[in-house]
Amino acid sequence: MPRLVHIPRDLGACFSVEQARHAGVRFGRLRSPDLERPFRGVRRFTDLDVSVEGESRRAQLLRAAHAYRARMRPSEFFSHETAAAIWGAPLPVGRTPHGVDVAVCGEQHVPRAVGVRGHRVPSAAASITEVEGLRAASPASTWAMLGAWSVTDLVALGDYFCRVWRVGHGRPDPGRPPLTTVERLGEALKASRRIGAARLREALGLIRCDAWSPRETACRLRLVAHGLPEPELNMDVFDRFQFLGCVDLAYPQYKLGIEYHGALHHATYAEDVERIARFRADDWTMLEVTNILFRDGDRLERRAEAALRSRGWRP
């Protein structure tokens, strides 16, 4: 087997054919099996130690974005769902990426390539910044570009972008500034005509600044749509002597707490059991929401309503 010609390290793990040719790499080397072709004119080293079969949707989009960066023109930037992935935002469940989102402003040439979804947006509709070395739409612009999403997904996205990192027991990164604000989202919505403007306007009024996960957001929206009062979010609770814990969704006047148990709770199961026991010892009713309960029609709403009524709530 012929020995592969060395490729200069400063090209990185992903590079354009043009960059490689300038570095003296021959075309034959660029057709070697240790290089894959994520986009036309781009090469990426095949990492045999990394399996992409079980990659998350966000991870897929990030890999594609970093690969496309090698051929990205100065007029282009990542937008829509790809920009959301770059910002680490929650993506709708059950959708499959259909390519990396690349946009231009005004009359610039819209990118066309296999694996690319090209967009042209008005200059007023996009504020562009850089994150993780990638040129992308700002959080507010990204949110306003995604009006095709459902209201629930738009609220979850806005909750993520606008989260205020408060000081509290065990809270991560206290004082870290939010990625954007509800006011900036509103300004981005008004900056240009938007696809799904009615959904965006509805979602804007439902965004809160202390939501921690998209499932918590979905639970809150479902309870309110059912006619129940809006719960407080991620509330720190104390009794006379100690800190009891933080409740995902809380009705403190009725001493009712609602906890969503997602996949991340598997690692903290014992701590969660002890925390919920402390609440119950202080006469709280704790409603634990699993994925099964969440997906079972309106049983979540009916169970929460019954718990509230047992605590004295009346519509």
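Predicted model: local features only at pLDDT ≥ 70, side-chain atom pairs only at ≥ 80, totals over all residues.

In α6 the buried residues are V151, L154, V155, A156, L157, G158, D159, F161 and C162. That's nine of the twelve residues, so α6 is largely enclosed by the rest of the structure. From the first C-alpha of α6 to its last is a reach of 16 Å, close to the 16 Å expected at 1.5 Å a residue. And what does α6 sit against? Its buried residues pack against α4 (80-86), α5 (139-145), α7, α8 and α9.

Let's step back for the overall picture. The protein chain has twelve helices and twelve strands. Its C-alpha trace spans about 75 × 50 × 35 Å along the principal axes. Of the 315 residues in the chain, 46% are buried. If you take the contacts between residues at least 6 apart in sequence, 58% of them join residues at least 24 apart.

Now back to α6 and its neighbours. When two helices pack, the angle between their axes and the distance between those axes describe the pair. On the α6 side the contact is made by V151, L154 and V155, while α8 brings R199, L200, E202 and A203. Sorted by class, the contact of α6 with α8 has five nonpolar residues, two charged ones and no polar ones.

Next comes α9, residues 214-225. The axes of α6 and α9 come within 9 Å and cross at roughly 125°. That makes α6 oblique to α9 as well. This crossing, between α6 and α9, is right-handed. The residues that meet are T152, V155, A156 and D159 of α6 and P214, T217, A218, R220 and L221 of α9. By class, the contact of α6 with α9 holds five nonpolar, two polar and two charged residues.

Helix α9 deserves a look of its own. It has twelve residues and reaches 16 Å from its first C-alpha to its last, close to the 16 Å expected at 1.5 Å a residue. Nine of the twelve residues of α9 are buried, so this helix is largely enclosed by the rest of the structure. Those buried residues are R215, E216, T217, A218, C219, R220, L221, R222 and L223. After α9 comes G227, with a positive phi near 100°.

How does α8 sit against α7? Helix α7 (residues 182-190) and α8 pack at an angle of about 165°, with their axes 11 Å apart. That makes α7 roughly antiparallel to α8. The crossing of α7 and α8 is left-handed. Here V182, L185, G186 and L189 in α7 meet A197, L200, R201 and L204 in α8. The residues of the contact of α7 with α8 divide into six nonpolar, one polar and one charged.

To finish, zoom in on two single residues. A20 sits in helix α1 (residues 17-22). Its relative accessibility is 0%, so A20 counts as buried. Leaving out residues up to four places away in sequence, A20 touches L11, F15, V25 and L30.

The other residue is F238, found in strand β9 (residues 232-238). F238 counts as partly exposed because its relative accessibility is 49%. With residues up to four places away in sequence left out, F238 touches H169, F243 and L244. F238 and D282 are 44 residues apart in sequence, and their C-alpha atoms are 9.6 Å apart in space.

How values were computed
Residues numbered from 1 in each chain as written. Heavy atoms only, no water. Helix = DSSP H or I, 4+ residues; strand = E, 2+ residues; numbered from the N terminus. Expected span 1.5 Å × (residues − 1). Buried < 20%, exposed > 50% of the residue type's maximum accessible area, 1.4 Å probe, protein only. Contact = heavy atoms within 4.5 Å. Nonpolar A, V, L, I, M, F, W, Y, C, P; charged D, E, K, R; others polar. Axes fitted to C-alpha atoms, helices over the stretch in contact; angles between N-to-C directions. Parallel < 35°, antiparallel > 145°, perpendicular 65-115°, else oblique. Left-handed = near helix turned anticlockwise from the far one by under 90°.
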